[in-house]
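Me: Hi! I have a model open and would like to talk it through with you. Can you look at it with me?

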Amino acid sequence: MTGAMKVTFLVAAILGLGCGGYGGHRTAVEVSDSLKSIQYLAPTNVASDFARTQFMRADTNHARQAVMLQIRLLEQLELADKSFHARELSWAYTRLAMVEEAAGQTEAERRALDQARARDKRDRFRSKDLTDDELRNAVKVLDRAFDNL
Amino acid sequence: MATYRSRKPMTFEVVRKQHNEQLRDDLLTLQTVTFSQVKKDAPSDLQKAADYLGKLRQGKRAEPAAVIDLQIATDYLEIARLEREAGNITMADRHRQAAVDIVRSLGWQSVSDETMAKLTHGQLWWKATK
């Protein structure tokens, strides 16, 4: 075997080990994060169900209180534990916007819709922003499905 | 050599270490509400669960207390359904009324039979899939 071949094999082996090690480490970190964040599944689901139910059934003040509980919980959890990703936040902000719309609070509605759009784009890797109506419709479809269980 | 280390159950340790007591308390409260939804198939079990949640509710902030209230109302409605099936109409009416009073306090605008029935649909569906 020539010296050039030896060097080639050595470089290939180092590259293979490096890439494999890096890929394995990333996968392990992702699995570890998923396992850690499982503990948040039950409480966040209860908060989500409560917000959805109150949004569909209650008056404006109670609905706002329920949606805000979910939003605060998800935001605080994301800050507290990097393994947790609050993928439902865009729907929660959209519900808040719809509550504010019903209450005639145009500025608060606009702010919540902007937050919903920003979260949706970040969480779902969209190339374009959803419109206000698309955000509202997505929540309506979700809620209708839940209501018809 | 393979080793085994026992681990404590996951009880939001990351949040505890940050001394974020309110967040941890909310998480534990909501987790308890979830656990209370499991394994309740008799009126006496449901009543016990509702009583326990009533005690848990004491001293809680308004927001988590409202979540507990809705679960208690759901339990009462389920008791009412089971009592009606067993022919105990008075008990059924009493528990349904208790559930109605709770959801009215939570700002519900309609307490029709259809709306109230949907409150328990989610849990019944969830149990049916287990």
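Reply: Happy to. From the N terminus on, the elements of chain B run α-α-α-α-α-α. Bear in mind that this is a predicted model.

Me: How many helices and strands does chain B come to, then?
Reply: Chain B has six helices and zero strands.

Me: And what are the scores of the model?
Reply: The ipTM is 0.85 and the pTM is 0.81. For chain B, the mean pLDDT is 86, with 84% of its residues at 70 or more.

Me: Which elements of chain B have the lowest and the highest mean pLDDT?
Reply: The lowest belongs to α6(B), with a mean of 75, and the highest to helix α5 (residues 89-105) of chain B, with 97.

Me: Where in chain B does pLDDT stay under 50?
Reply: That happens over residues 1-9 of chain B, and the model has zero contacts beyond four places in sequence for them.

Me: Let's pick a residue from α2(B). Is Leu28(B) buried, exposed or partly exposed, and why?
Reply: Leu28(B), which sits in helix α2 of chain B, counts as partly exposed because it has 16 C-beta neighbours inside 10 Å. Its C-alpha atom is separated by 7.9 Å from that of Thr11(B), 17 residues apart along the chain.

Me: And Ile72(B): buried or exposed?
Reply: Ile72(B) is buried, because 24 other C-beta atoms lie within 10 Å; the cut-off for buried is 20 or more. Ile72(B) is in helix α4 of chain B.

Me: What does Ile72(B) touch, leaving aside neighbours within four places in sequence?
Reply: Ile72(B) is in contact with Ala50(B), Leu53(B), Gly54(B) and Ile102(B). As for Tyr52(B), it is 20 residues from Ile72(B) in sequence and 9.5 Å away in space, C-alpha to C-alpha.

Me: Ala50(B) is one of those contacts. Which residues of α3(B) are buried?
Reply: The buried ones in α3(B) are Pro43(B), Leu46(B), Ala49(B) and Ala50(B). They cover an arc of only 125° around the axis, so they lie on the same side of α3(B). On the other side of α3(B), Ser44(B), Asp51(B) and Lys55(B) are exposed.

Me: Why would residues in a helix point the same way?
Reply: An α-helix has 3.6 residues a turn, so residues three or four places apart point the same way.

Me: What do the buried residues of α3(B) pack against?
Reply: They pack against α2 and α4 of chain B.

Me: And what span should α3(B) have?
Reply: Helix α3 (residues 43-57) of chain B has 15 residues, so at 1.5 Å a residue it should span 21 Å; the end C-alpha atoms are 21 Å apart, which agrees. What follows α3(B) is Gly59(B), with a positive phi near 80°.

Me: Now chain A. How many residues of α4(A) are buried?
Reply: In α4(A), 12 of its 14 residues are buried, so the helix is mostly covered. Among them are Trp91(A), Ala92(A), Arg95(A) and Glu100(A). The buried residues of α4(A) pack against α2 (41-57), α3 (60-80), α5 (106-124) and α6 (132-147) of chain A.

Me: Which residues touch the most other members of the largest nonpolar core?
Reply: Val67(A) and Ala92(A) do, in a core of 56 residues. The element that gives the most to this core is α4(B), with 10 residues.

Me: Last one: what is Ala92(A) in contact with, leaving aside its neighbours within four places in sequence?
Reply: Ala92(A) is in contact with Ala51(A), Val67(A), Gln70(A), Ile71(A) and Leu74(A).

Notes. Residues numbered from 1 in each chain as written. Chains lettered and ligands numbered in written order. Predicted model: local features only at pLDDT ≥ 70, side-chain atom pairs only at ≥ 80, totals over all residues. Helix = DSSP H or I, 4+ residues; strand = E, 2+ residues; numbered from the N terminus. Contact = placed C-beta atoms within 7 Å. Core = buried A, V, L, I, M, F, W, Y, C linked by C-beta atoms within 7 Å. pLDDT = per-residue confidence, 0-100. Expected span 1.5 Å × (residues − 1). Arc of directions from axis to C-beta.
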